[in-house]
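This briefing sets out selected structural features of one protein. The sequence and the model are shown first, and the points that follow are grouped by topic.

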Amino acid sequence: NGFSCFLLSFFSLQLFLFQSNKQIIIICKYFLRGCLMESKKSKTMSDEPLPEGWKLKMSRSRGIPYYVNLHTNESVWERPTQPAKKKGEEARALHILIKHKDSRRPSSWRQETITRTKEEAIAILKKHREDVLSGTKKFEDIAKTESDCSSAKRGGDLGFFDKFSMQKPFTDATFALGVGEISDIVDTDSGVHIIKRVG
């Protein structure tokens, strides 16, 4: 009858809710166990000494730890695994590259096949250097339109690099500059460059 159907439906619903609650409890149990394991792992990691030159700090805005390079005062979110790099080990530079037909790869985003001679490339670069030094044009603006390097889209910015990342003549010229200074013509296998050190 109708009352029996009601009771059957009621108890079926209770059984369903009971089973669902059991599943939720099991899920919560595994979730809490995972959180506990992660917490123990983090605690173990935080107990380990940091590599030389790093200091652990807590972010006020995000409430999570971050790490400060004591030599450069730069900060990172991920726990470092290597000693902190010291000032003077890296430089940051912009450059303008003009390739020629004898370059290692005589092709660029500006020109599929480069046929100019090395002397012609040097003459072009000298003019760019004069424009920068006289204040007629900005280094970055010339790099964006005239450099044969893919860094042109960033105004010639190569970012930070150490003494072993670039060709030796380029590295030697960069590290010999003071911040803000512009090099003379630098000759490498890639072509001829002028370099502006910015860091």
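**Briefing on the predicted model**

The side chains of Asp148 and Arg110 are joined by a polar contact of 3.3 Å. The coordinates come from a predicted model. The protein contains 4 helices and 7 strands, and its elements follow the order α-β-β-β-β-α-α-β-α-β-β from the N terminus.

**Overall composition**

- Of the 199 residues in the protein, 31% are buried.
- Among contacts with a separation of 6 or more, 51% are between residues 24 or more positions apart.

- Asp148 is located in the loop that runs between H3 and strand S5 (157-162).
- Asp148 is classed as buried because its relative accessibility is 3%, and the limit for that class is under 20%.
- Apart from residues up to four places away in sequence, Asp148 touches Leu97, Ile98, Lys99, Ser108, Trp109, Arg110, Ile114 and Arg116.
- The C-alpha atoms of Asp148 and Gln111 are 8.2 Å apart in space, while the two residues are 37 residues apart in sequence.

**Packing of helices H2 and H3**

- Helix H2 (residues 118-134) and helix H3 (residues 139-146) have axes that come within 9 Å and cross at roughly 150 degrees.
- H2 is therefore roughly antiparallel to H3, as angles over 145 degrees fall in that class.
- On the H2 side, the contact is made by His128, Asp131 and Val132, and on the H3 side by Phe139, Ile142 and Glu146.
- By type, the residues of this contact comprise 3 nonpolar, 1 polar and 2 charged.

**Aromatic pairs**

- The structure has 3 aromatic pairs.
- One of them is formed by Tyr66 and Trp77, whose ring centres are 5.8 Å apart; the pair is edge-to-face because the ring planes stand at 65 degrees.
- Tyr66 belongs to strand S2 (residues 65-69), and Trp77 to the loop between strand S3 (75-76) and strand S4 (90-98), so this pair ties together parts 11 residues apart in sequence.
- Tyr66 is partly exposed at 21% relative accessibility, and Trp77 is likewise partly exposed, with a relative accessible area of 42%.
- Phe161 and Phe175 also pair, with ring centres 6.4 Å apart and planes at 85 degrees, so this pair is edge-to-face.
- Phe161 is in strand S5 and Phe175 in helix H4 (residues 168-176), so that the pair links distant parts of the chain, 14 residues apart.
- Phe161 has a relative accessible area of 4% and is therefore buried.
- Phe161 and Phe175 form one aromatic cluster together with Phe170.

- Ser183 is found in the loop between H4 and strand S6 (186-188).
- With a relative accessible area of 4%, Ser183 is buried.
- Neighbours within four places in sequence aside, Ser183 is in contact with Arg129, Leu177, Ile194 and Ile195.

Key. Residues are numbered from 1 along each chain as its sequence is written. This is a predicted model: local features need pLDDT of at least 70, side-chain atom pairs count only at pLDDT 80 or more; totals for chains, interfaces and linings use all residues. Side-chain values use heavy atoms; hydrogens and water are left out. Axes are lines fitted to C-alpha atoms, for helices over the stretch in contact, and angles run from 0 to 180 degrees between N-to-C directions. Helices (H or I, at least four residues) and strands (E, at least two) are DSSP runs, numbered from the N terminus. Angles under 35 degrees count as roughly parallel, over 145 as roughly antiparallel, 65 to 115 as roughly perpendicular and the rest as oblique. Contact means heavy atoms within 4.5 Å. Ala, Val, Leu, Ile, Met, Phe, Trp, Tyr, Cys and Pro count as nonpolar, Asp, Glu, Lys and Arg as charged, and the others, Gly among them, as polar. Buried means under 20% relative accessible area, exposed over 50%, partly exposed in between (1.4 Å probe, protein chains only). A polar contact is a pair of N or O atoms within 3.5 Å; within protein, one must be able to donate a hydrogen and the other to accept it, and residues adjacent in sequence count only if both atoms are side-chain atoms. Rings of Phe, Tyr and Trp (its six-membered ring) pair if their centres lie within 6.5 Å; planes under 30 degrees apart count as stacked, over 60 as edge-to-face and the rest as tilted.
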